[in-house]
Amino acid sequence: MTSPVVDETAARHYETVIGIETHCELATATKMFCACPAAFGAEPNTRVCPVCLGEPGSLPVVNGRAIEFAARIGLALNCRIAERSQFHRKNYFYPDMPKNYQISQYDEPLCLGGHLDVEVDGELRRVGITRVHLEEDTGKSLHVGATGRIHGADYSLVDYNRAGIPLVEIVSEPDLRSADEARAYAEELRAVLLALGVSDAKLEEGSMRFDVNISLRPVGHAALGTKVELKNLNSLRSLHRAVGYEAERQRRVLAGGGKLTQETRHWDEGRGRTEPMRSKEFATDYRYFPEPDLVAIQATPVWVERIRATLPELPAERRHRLAEATGLGAREVGWLARDPEVLAYFTEVAAGRDPRVVAGWVMGELQRDLREFDRTMADNPVKPERLGELLDLLAAGTVSATAAKDVLAEMFTTGARAATIVERKGLAQISDTGRLESVVASVVAANPDLAGKFRGGKQGVLGALVGQVMRETKGRANPKLVTELLRRAIAGEDARPR
């Protein structure tokens with residue numbers, strides 16, 4: 001099939017319009033309408049009961065903790081909590097919902113009309129929040145075959161453990177304009193959820209996932225274009241790539257004179273493209289009606305204010321406070337503040353120490369070792385006081401930066417204190433001038449060309465000479481002292497510092 005001829009000038013005159021529906025499982029002990037455990041990872045179909053399987057005669061009971069968590073999310077997103085909200089039945093015949101309907105909130109959600117401020121390229125963008133509503137999650141289908149999708153599968157399996165887990169849907173206004181903005185919004189929203197403690201927001205386990213609505217319109221036009229929905233994006237990388245691809249696909253269709261169809265599309269991570277799934281459903285297709293077995297939720301002002309009083313410091317407030325207290329830049333502050341566990345760890349290590357040095361180690365070597373040893377911050381064996389002890393040795397000149405990295409890796413495997421490892425492995429930094437003079441002299445003698453270039457004004461070659469001294473001393477020499485000794489040796493002066 002011949003590709004359409006694309007008018008590149010016309011393609012640039014379209015504006016991308018993006019809205020995101022974020023589904024997030026709540027960290028309650030039990031499911032939304034029954035007492036089944038809601039934890040992840042059990043054997044398939046072992047955490048089910050007559051209620052979440054929809055067996056005749058079973059009746060749902062609302063999880064009060066889930067209602068509180070949803071209200072916390074709404075308040076953190078500057079929403080109004082509705083005095084009255086109502087559950088409805090959303091009817092559809094999908095195999096992953098054993099009742100053949102989902103209990104959800106339709107036109108009377110719990111939270112309405114908020115916003116989330118998102119920083120993109122150093123500028124704040126306000127993204128409207130249409131609603132935050134409660135529902136129950138569906139089960140999980142496993143399509144066995146080459147593609148992993150229902151089309152072309154040899155057979156399918158269904159695990160109902162997830163069916164009935166409390167779920168919030170956070171619906172944004174169509175205020176986002178690019179893949180970068182979409183990812184920044186998703187990252188900030190995830191940070192808010194983690195700060196609230198209402199969800200583990202683990203994308204890799206499916207407890208947070210995104211449906212993205214994308215349309216294009218001519219620049220300057222108010223009317224929205226034909227909307228395409230991308231379903232079940234389960235990583236920030238996939239979200240960014242899928243939005244970028246789909247916006248460009250639509251732009252080329254329109255610029256080539258084609259028409260878009262309102263549909264739902266699937267993101268193929270391996271092929272890096274979106275593909276059609278089905279025509280887009282409308283609200284009427286679901287035949288909503290009020291859930292007859294549940295009464296409406298009544299949110300009194302007293303209850304709302306009690307929930308508001310429990311809100312913790314949110315990520316934006318946390319970043320501002322951290323920047324004020326430490327003087328760190330936006331990149332460091334953003335990275336450290338995105339996870340409460342990381343921030344608490346950094347704060348403890350940084351007490352009485354240079355925050356820039358601590359930030360560099362927490363963001364750099366510590367994270368590398370966590371990945372290397374397949375650990376998380378939750379099971380990190382190097383406690384804050386132990387990393388602090390290592391950084392004190394580094395600041396005192398007892399160990400070099402190179403040796404300190406080796407010591408940290410050893411701390412992961414043995415759990416020993418930094419000073420013990422330094423003594424046992426002989427890693428103490430050499431700061432004795434007498435011990436280093438002979439090494440410096442031999443390196444200068446062995447590299448007359450480099451020494452000559454340095455005398456001629458090429459300062460950069462000194463690094464190569466320092467590196468050779470460090471190799472000769474197995475990384476234990478004090479690099480600052482080595483640099484001074486080299487300068488004096490090359491100049492033909494007494495190498496001893498004055």
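Reader: What makes the nonpolar surface patch of about 310 Å²?

Author: In this predicted model, the patch is made by L142, Y155 and L157. L157 sits in strand β9, residues 155-159.

Reader: Why is L157 called partly exposed?

Author: Its relative accessible area is 44%.

Reader: Why is the contact of R65 with E68 called a salt bridge?

Author: The closest N and O atoms of R65 and E68 are 3.3 Å apart. The cut-off for a salt bridge is within 4 Å, so this pair counts as one. R65 and E68 are three residues apart in helix α2 (residues 64-76), and therefore about one helical turn separates them.

Reader: How do R237 and E269 meet?

Author: Their side chains form a salt bridge of 2.5 Å, N to O. This pair links distant parts of the chain, 32 residues apart: R237 is in helix α4 (residues 236-255), and E269 is in the loop between β13 (263-268) and β14 (273-279).

Reader: Why is R251 called buried?

Author: R251 has 16% relative accessibility. Buried means under 20%, so R251 counts as buried. Its salt-bridge partner is E248, with the closest N and O atoms 3.6 Å apart. E248, at 33%, counts as partly exposed.

How values were computed
Residues numbered from 1 in each chain as written. Predicted model: local features only at pLDDT ≥ 70, side-chain atom pairs only at ≥ 80, totals over all residues. Heavy atoms only, no water. Patch = residues over 30% accessible without salt bridge, like charges linked within 9 Å, V, L, I, M, F, W, Y side chains within 5 Å. Areas by Shrake-Rupley, 256 points an atom, 1.4 Å probe, with all protein chains shown as cover. Helix = DSSP H or I, 4+ residues; strand = E, 2+ residues; numbered from the N terminus. Buried < 20%, exposed > 50% of the residue type's maximum accessible area, 1.4 Å probe, protein only.
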